[in-house]
Amino acid sequence: MFNAVSKSPWVVHFNCNSCNGCDIEFLACLTPHYDVERFGILHIGNPKHADVLVVTGSVNNRNARVLQNVYNQIPDPKVVVAMGVCTSSGGVFAGCYNILGNVDLVIPVDVFVPGCPPRPEAMIDGIVKAVGILERKRKGEIFPTAPKPLCKFKPSEEQSAEKTAIKEEKTV
Amino acid sequence: MAKNTIIPFGPQHPVLPEPIQLRLVLDEERVVSAIPVVGYVHRGLEKLAEQKDFLQDTYLIERICGICSFIHSLTYSMGIESMMGLTPPPRAQYLRVIWSELHRMHSHLLATGLLADSFGFENLFMQLWRTREHIMDAMEATTGARVLLGTCCIGGVRKDVSEELLKSVLQTLVTVEKELDEHMPVLLNDYSVKQRLCGVGILDKQVAYERGAVGPTARASGIAMDLRTQGYAAYGELDVEPMVETDGDCYARTKVRVRELYQSLNIIRQAIGKIPSGSINVPFKTKPDGEVISRAEQPRGEVLYYLKGNGTDMLERLRVRTPTFANIPPVLAMLAGCELADVGVIVISIDPCISCTER
Ligand code: SF4
């Protein structure tokens with residue numbers, strides 16, 4: 001059964017803070033002109049079924065928690081592909097007041113694809129590389145999860161307050 | 001009285017390409033009301049634009065949204081130009097129209113494709129996106145980039161397009177039109193598609209007006225509002241009509257987009273037929289000073305820029321009101337009273353662009 005993982009990896013896509021440029025290019029990869037499905041790659045919406053997480057855009061205080069949740073829901077072995085310069089440094093948005101910075105502050109990343117936005121060919125290359133890493137992880141050649149993120153994101157007080165607010169709303 | 005439940009829709013959801021959360025208050029399967037929760041893609045771009053100089057801003061502004069990027073930088077440039085009293089040469093104006101319309105076509109194809117995906121018609125989604133690739137190729141051939149073109153600059157455009165390339169664009173349009181003729185009857189006449197779209201998410205003309213709907217959402221409810229008829233760039237010399245439908249449901253919104261696709265084909269053909277020769281930008285030495293409001297029609301509706309300069313390199317204030325921001329109150333009106341299963345289709349039918357809205 002595990003053999004199927006590297007022959008047909010399933011991809012879940014999460015848009016963090018991107019300008020859409022990377023997202024539509026990633027979606028274009030899935031469609032007939034570029035067609036990553038010929039590598040057995042399938043795009044799905046549920047992180048619990050996925051092996052590869054594709055992230056676009058940098059993280060901010062609000063979506064870091066969501067990103068971590070999505071990441072934690074993916075079963076091991078898993079790989080993370082980060083598309084675009086935004087994911088590696090914040091890109092053009094570096095310096096904005098609401099940008100925490102690169103994605104690997106929050107989750108470990110295996111492959112970075114540079115470009116603003118990267119060309120679909122580069123994205124496909126990134127995913128194929130990630131599938132190679134996934135295969136090695138499955139065989140136990142490399143550690144199942146990539147190196148630890150640089151720092152763990154902790155929800156700020158504001159967000160924990162918001163969480164309790166949601167809970168209260170539900171109980172009403 | 002039945003107890004209401006709250007179901008979160010998003011931020012990560014299969015039909016949503018972008019993160020927005022809607023908290024749906026449900027009574028059994030029926031939506032009572034929807035509460036939007038935003039901020040997942042907020043970056044603070046307006047503030048950053050005040051820290052970069054006004055020439056760099058042109059390229060920063062493109063990154064408000066990757067889908068209608070060119071029209072964003074166009075609106076910004078038009079604002080700065082009117083502040084500095086510049087008039088771009090006619091060839092630049094025509095090139096701006098051509099790129100705007102190419103953007104509109106790719107955006108509408110993308111939106112209808114995602115709509116097809118949201119009700120599970122994956123084949124149609126793939127076919128529409130295949131057609132879209134021809135337009136992406138045309139943009140790449142004329143500018144060198146697929147998504148963020150970077151060709152609009154203050155005073156005109158950065159790149160000229162040769163006659164052969166314009167001819168090849170016309171050639172592309174022939175292919176696109178042929179493929180549209182094949183796919184659109186499927187989208188508009190198919191029984192099961194109609195079942196999902198007709199009568200779903202109805203927006204009254206009065207409600208649309210009161211809540212300030214713009215773009216295809218407003219036009220599908222019978223409001224004839226299209227900024228292109230005001231004649232910015234070279235639209236004044238071309239034949240542009242607002243495409244109006246009166247039903248106000250998801251089907252009408254889709255139909256408006258389909259008709260606009262054909263309209264854009266027509267506009268590009270007119271523009272390529274009439275394009276004058278000459279220079280493509282005007283030099284300038286002044287700095288922006290004063291206040292200005294600049295508007296343009298994006299694929300999703302009207303975008304409004306408020307710019308304030310103070311005679312230095314940096315702008316004092318830049319404010320953007322994007323079409324999706326205006327369309328969120330109407331979509332909340334559509335959602336009230338609909339079935340839970342229709343929420344995805346209704347949200348996608350206004351073609352939301354969250355990264356525009358939150359910047
Ligand atoms: S890398 Fe460029 S295209 Fe991609 S999300 Fe960032 S700004 Fe947009």
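**Group meeting: a helix pair and a ligand site**

Let's start in chain B. Helix H3 (residues 69-84) of chain B packs against helix H4 (residues 90-118) of chain B at an angle of about 145°, and their axes lie 8 Å apart. Axes here are lines fitted to C-alpha atoms over the stretch in contact, with angles from 0 to 180 degrees between N-to-C directions. Helices are DSSP runs of H or I, at least four residues, numbered from the N terminus.

One caution on the source: this is a predicted model, with local features needing pLDDT of at least 70, side-chain atom pairs counted only at pLDDT 80 or more, and totals for chains, interfaces and linings using all residues. Residues are numbered from 1 along each chain as its sequence is written, chains are lettered from A and ligands numbered from 1 in the order written, and side-chain values use heavy atoms, leaving out hydrogens and water.

Back to the pair. Which residues of H3(B) meet H4(B)? Ser69(B), Phe70(B), Ile71(B), Leu74(B), Ser77(B), Met78(B) and Glu81(B). Their partners in H4(B) are Arg96(B), Trp99(B), Ser100(B), His103(B) and Arg104(B). Contact means heavy atoms within 4.5 Å.

Now the ligand. Residues from chains A and B surround the ligand, so the site is shared between chains. Helix H2 (21-30) and helix H4 (85-89) of chain A each give two or more residues to the shell. Of the 13 residues around the ligand (a heavy atom within 4 Å), Ser18(A), Cys19(A), Cys22(A), Cys86(A) and Cys116(A) come nearest.

Last, H2(A). Buried or exposed? Mostly covered: 10 of its 10 residues are buried, meaning under 20% relative accessible area with a 1.4 Å probe, protein chains only. Cys22(A) is among them.

Conventions: Buried means under 20% relative accessible area, exposed over 50%, partly exposed in between (1.4 Å probe, protein chains only).
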